Every structure is written in structure tokens, then in C-alpha cells.
Amino acid sequence: MSTTLIAIGAGIAVLSGAGAGIGIGLATSKAADAIARQPEADSKITKALLLGAALAEATAIYGFVIAFLILILLK
Amino acid sequence: MLEELNCKTVFTIPIFGGLDISESTVITWFIIAFVAVLCIVLVRNLSVESPSKKQQVLELAVGGLYNLFDGLLGKAGKRYIPYLMSILIYLGISNVIGILGIKPPTKDMNVTAALALMSIILIEYAGIHAKGGRGFIKSFAQPMAIMTPINILEIFIRPLSLCMRLFGNILGGFVVMELIKYFVPAIIPIPFSFYFDIFDGLIQAYVFVFLTSLFIKESIE
């Protein structure tokens with residue numbers, strides 16, 4: 001019983017990945033738009049996109065780390 | 001599967017009641033030796049008059065990295081570029097090393113925590129160096145006095161997020177690769193390995209130094 005609950009808890013923690021997916025998707029679509037409009041600003045846009053994606057991705061990573069800690073510590 | 005994730009102790013040095021040397025430390029030693037040998041071999045026979053092909057490639061690579069950080073840090077931050085470049089090279093090698101079947105050292109949270117601590121010490125030192133002690137303390141009340149608790153919290157949040165981001169990404173890639181290898185041992189893991197080991201590893205190494213240099217820029221302004 002308790003193992004099932006632990007697994008469910010870890011699964012719920014990983015749901016945070018959905019938010020990161022939406023965020024990075026939005027950022028990338030806007031970046032593609034911006035590059036299509038102003039191809040000469042390519043390098044600046046890429047820099048901002050990378051930073052934004054790295055920060056947005058952090059939430060998914062936190063979810064993963066929490067799920068991992070749940071699995072390891074409550075085993 | 002779960003045993004793969006823990007970092008094993010390779011051997012113990014019998015001083016101070018036994019120092020445990022973990023796997024990541026030993027792999028880091030090998031990376032240090034590799035980079036040191038690479039440095040010695042690559043800088044031999046450099047000349048100003050007739051640069052060889054090797055020297056031109058080397059100059060292109062070092063100059064490119066230098067310009068990248070120069071653009072990020074600006075004039076005042078020039079003195080931090082060598083540190084950031086060496087961290088980038090170390091992280092790049094240690095993230096990509098997974099492709100050889102060796103465990104990446106950055107999969108161990110202790111390594112990323114140490115790197116993040118070094119980064120935050122450098123960031124705060126850069127702030128003190130640029131503004132002086134009084135200016136540094138005053139900068140906590142910027143832009144408004146009400147922001148002071150958030151600015152103090154940032155000292156702890158920044159290294160935590162740097163550490164967790166690098167650790168989580170490399171560990172996540174490692175876990176996904178192990179799962180793929182478990183289900184399909186042949187051929188299929190190769191394209192995934194290119195993504196998780198090479199692309200993601202290099203991007204994360206870049207992001208780590210990129211964020212560090214961004215924070216340094218912010219604190220010296």
C-alpha cells in the first residue's frame with residue numbers, strides 16, 4: 001500500500017513538467033516569430049531564448065528532483 | 001536501477017578517521033589530468049610569425065569564448081573571464097563524458113553544489129570588489145528598501161537553483177538513457193544519446209556559466 005502511495009506522490013510531483021513544456025513552447029514560438037520578422041537580431045534573440053528556456057525548465061527540474069527524493073527517501 | 005544512481009565510494013584515505021573518496025572525485029581527477037595534458041600539448045611550439053594550423057584553430061576557439069564572455073560581462077568584468085572559461089571547459093567535458101559510458105561527475109549533487117557555492121562566492125566577491133564594502137551593503141536596499149529581504153534571500157536561492165538545475169538535468173538525462181538502454185539495448189539509444197549526452201550536456205554547461213556571468217554583471221553594476 002505505502003509503495004503505491006509513494007509512486008503516486010512521485011508521479012504527481014513530475015506533473016510540474018507540463019508547465020515547463022507550455023512555457024518553453026510559448027517562448028520558442030515567439031522567438032521563431034521574432035527571428036522571422038528581424039533575421040538580423042538572430043543572436044540576441046537566441047541568447048534571450050536560451051536564458052528564458054533555462055529558467056522555465058528549472059520548474060520541471062525541481063519537480064523531477066522532488067519526485068526523485070520522494071522515491072529515494074521514503075523507500 | 002536505483003543502485004546506479006548513488007555515487008559509490010571508491011576508496012578511503014586513512015587520515016582524520018577516514019576520508020571517503022567518491023567516484024565523481026576520481027573521474028574529476030582524470031578530467032583534470034586530461035585537460036592539463038591537452039593544455040601542455042596544444043600550447044607547444046606557438047609562434048607569432050608563422051602560426052600553424054593547430055594554433056589557428058586554438059586561437060579561434062579561445063578568442064570565440066573570450067568574445068562571448070566579453071559581450072556578457074562588459075569591460076569591468078574582464079578579470080573573471082578565465083575562471084568562467086575554465087568552468088565551461090570542465091562542465092562541457094564532464095557532461096559529455098557520459099557518452100563514453102563513464103558516469104558524469106555532475107550527476108553527483110555534491111559536485112554541482114560545490115560549483116554553485118564557488119559561483120555565489122565569486123558573485124558576491126565581485127560585488128564587494130566593484131562597489132567596496134559600504135556600497136555592497138547598500139546595494140541590498142536597491143532599488144527600494146522594501147526589497148532588502150528578497151535581495152538577501154537571493155544569495156541562497158541563486159546557488160540552490162544553479163546546483164539543482166545542473167544536477168537535475170544531467171541526472172534526468174542519465175535516467176532516461178538508462179531506461180531506453182534497459183528496454184532497447186541496440187541502435188535506438190544512439191540518437192537519444194546524441195541529444196541527452198552531447199546537446200543537453202553542452203547547453204547546460206553553457207547555461208551554468210551564462211547565468212553566473214549574468215549574476216556577476218548584475219552585482220558589479
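pLDDT is the predictor's confidence in each residue, from 0 to 100. This is a predicted model, in which local features need pLDDT of at least 70 and side-chain atom pairs count only at pLDDT 80 or more, while totals for chains, interfaces and linings use all residues. Residues are numbered from 1 along each chain as its sequence is written, and chains are lettered from A in the order in which they are written.

**View 1. Confidence along chain B.** Chain B has a mean pLDDT of 85, with 97% of its residues at 70 or more. Within chain B, helix α1 (residues 2–5) has the lowest confidence, a mean of 58, and helix α4 (residues 81–96) the highest, 91. Where pLDDT is low, the predicted coordinates should not be read in detail.

**View 2. Fold of chain B.** Chain B contains 7 helices and 2 strands, where helices (H or I, at least four residues) and strands (E, at least two) are DSSP runs numbered from the N terminus. Their order along the sequence is α-β-β-α-α-α-α-α-α. The C-alpha atoms occupy a box of roughly 60 × 55 × 45 Å along the principal axes.

View 3. Residues 6–27 of chain A are 95% helix, with end C-alpha atoms 34 Å apart. For residues 48–74 of chain A the figures are 96% helix and 39 Å.

**View 4. Contact of chains A and B.** Each chain, A and B, gives 8 residues to the contact, defined by C-beta atoms, placed from the backbone, within 7 Å. The predictor assigns the complex an ipTM of 0.74 and a pTM of 0.84.

Definitions and conventions: Two residues are in contact if their C-beta atoms, placed from the backbone, lie within 7 Å.
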